[in-house]
Amino acid sequence: MTLARRTGWVFAEQYLWHDTQRYNLTVAPSLTVQPGEHAENEETKRRFSNLVEVSSLADELVRIKPRQASREELLRFHTPQYLDALESLCLSGGGLAASKTPVGAASYAIARLAVGGVLNAVDAVVEGRVDNAYVLCRPPGHHANSDAAYGFCLLANGVLGVKHAQQVHGIRRFAIFDWDVHHGNSAETAFLEDPDILTISVHQDDLFPPKRGNLGDMGSGAGRGANINIPLPPGSGSGAYREAFDRVVVPAIERFAPEMIFIASGFDASAMDPLGHMMLASADYAYMMRGLLALAERHCGGRIVVTHEGGYSAAYVPYCGLAVLEELANHKTGIEDPFMQHILSYGGQQLAAHQQALVDAVRQHHGLDGP
Ligand SMILES: [Zn+2]
């Protein structure tokens with residue numbers, strides 16, 4: 001029997017105060033589109049946190065308080081011009097930081113608190129105070145560019161976590177796995193030419209950002225081969241994801257042998273997500289998390305930091321998150337996912353031929369089929 005693991009849990013009430021305003025994803029102004037809640041509002045994360053608090057995990061997790069990342073820490077990835085522009089936009093009361101990416105007056109301060117939560121999680125994991133950590137931060141980060149906000153994301157939480165582990169702790173080799181339904185462009189761009197950082201993104205083909213995350217995008221220069229994209233067709237479910245995970249993600253990370261693993265954890269590939277068109281159940285996230293924990297045990301003393309990204313189903317994100325946390329902490333809460341059987345009974349959950357073909361193509365592209 002495996003012992004319970006010490007799992008760090010980073011959360012702050014202020015993460016819920018990042019104000020994305022009453023907004024819709026169409027172009028304003030309009031006399032025919034009624035404004036409503038922005039997709040990236042606080043409710044999914046609030047309910048995830050609430051479910052954790054009413055579960056037995058509340059007594060198991062090791063609470064880690066976030067702090068605000070310093071300007072110097074943000075400059076490890078972002079440009080000073082961008083930080084200044086974002087800060088003054090917020091100071092002026094907020095507005096659109098990028099297309100579809102509204103911010104409120106406190107959003108820059110809260111984004112710095114999100115980054116600082118990741119940095120504190122990295123410190124706790126590397127220093128051995130916890131075995132792994134989950135950062136339920138907001139705003140999300142995996143689309144943020146060095147010089148601009150993008151796709152609901154302000155600061156590149158995960159990329160800055162890796163930079164911190166590199167520069168403060170001297171760790172060299174990282175694997176970053178992004179299971180958000182959208183492509184992990186921030187990490188791909190940041191480490192495109194870096195052979196010491198393996199970036200893997202499994203996502204819905206050509207969803208967001210447009211034309212990114214293609215099968216043929218595999219890093220450049222010295223980093224060629226250290227960037228893997230798995231653009232699954234819309235409608236992919238349990239069978240397709242497990243095939244991609246078992247036959248691409250696991251062997252690629254095994255071959256790479258990282259010293260630390262980062263996960264960009266969006267739950268928008270779930271069957272209930274309004275922005276994605278995939279069909280995962282919470283059990284599928286637990287399956288991937290177990291596999292990643294086994295890889296981390298073999299290669300890097302179990303060191304994993306998970307940063308929360310997208311996921312827009314207020315009803316379902318909490319159960320996906322709880323399933324991942326249960327694996328991280330090796331602690332079963334006994335709470336049942338009330339939607340799981342329904343989702344797993346959907347037609348199309350089995351691996352289909354066109355999904356298999358995509359996974360085969362990725363394997364071939366990255367030399368995972370052997371010589
Ligand atoms: Zn997403």
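The model is predicted. The zinc ion has protein donors from D180, H182 and D268. Helix 9 is largely enclosed by the rest of the structure, because 12 of its 13 residues are buried. The salt bridges come to a count of 20, and a selection of them is described below.

**Zinc site**

- The angles subtended by the four donor atoms run from 53 to 154 degrees, which makes the arrangement irregular.
- For a tetrahedral assignment, all angles would have to lie between 85 and 135 degrees.
- Along the sequence, the donor residues follow the spacing D-x1-H-x85-D.
- Both D180 and H182 are buried.

**Helix 3**

- Y82, L83, L86 and C90 are the buried residues of helix 3.
- Viewed down the helix axis, the buried residues of helix 3 fall within an arc of 100 degrees, so they line one face of the helix.
- Q81 and L91 are exposed on the other side of helix 3.
- The buried residues of helix 3 pack against helix 2 (71-74), strand 3 (94-98), strand 4 (101-104) and helix 4 (107-126).
- After helix 3 comes G93, which has a positive phi near 110 degrees.

**Helix 9**

- Helix 9 covers residues 317-329; from its first C-alpha to its last it reaches 18 Å, close to the 18 Å expected for its 13 residues at 1.5 Å a residue.
- Its buried residues include V317, P318, C320 and G321, and also the run from L322 to A329.
- Two glutamates, E326 and E327, are among the buried residues of helix 9.
- The cover over the buried residues of helix 9 includes strand 1 (7-10), helix 1, strand 5, helix 8 (282-300) and strand 10 (304-308).
- N330 follows helix 9 and has a positive phi, near 50 degrees.

**A buried loop residue, V130**

- V130 lies in the loop between helix 4 and strand 5 (132-135).
- Its relative accessibility is 2%, so V130 counts as buried, the cut-off being under 20%.
- Leaving aside residues up to four places away in sequence, V130 touches R6, T7, G8, V62, I64, A124 and V125.
- V130 and I304 are 174 residues apart in sequence, while their C-alpha atoms are 10.0 Å apart in space.

**Salt bridges**

- R46 and E43 form a salt bridge in which the closest N and O atoms are 3.2 Å apart.
- R46 and E43 are separated by about one helical turn, because they stand three residues apart in helix 1 (residues 43-53).
- In general, an α-helix has 3.6 residues a turn, so residues three or four places apart point the same way.
- Both partners are partly exposed: R46 has a relative accessible area of 28%, and E43 has a relative accessibility of 27%.
- E53 and R63 meet through their side chains in a salt bridge, at 2.7 Å from N to O.
- This pair links distant parts of the chain, with E53 in helix 1 and R63 in strand 2 (residues 62-64), 10 residues apart.
- E53 counts as partly exposed at 37% relative accessibility, and R63 likewise at 43%.
- R71 and D84 form a salt bridge whose closest N and O atoms are 3.1 Å apart.
- R71 belongs to helix 2 and D84 to helix 3, so the pair ties together parts that are 13 residues apart in sequence.
- R71 is partly exposed, with a relative accessible area of 30%, and D84 is partly exposed at 38% relative accessibility.
- A network of salt bridges links E40, K45 and R138.

Methods. Residues numbered from 1 in each chain as written. Predicted model: local features only at pLDDT ≥ 70, side-chain atom pairs only at ≥ 80, totals over all residues. Heavy atoms only, no water. Buried < 20%, exposed > 50% of the residue type's maximum accessible area, 1.4 Å probe, protein only. Helix = DSSP H or I, 4+ residues; strand = E, 2+ residues; numbered from the N terminus. Arc of directions from axis to C-beta. Contact = heavy atoms within 4.5 Å. Donors = N, O, S within 2.8 Å, 3.2 Å for Na, K, Ca; no water. Tetrahedral: all angles 85-135°; square planar, octahedral: opposite > 155°, others 65-115°. Salt bridge = Lys/Arg side-chain N within 4 Å of Asp/Glu carboxyl O. Expected span 1.5 Å × (residues − 1).
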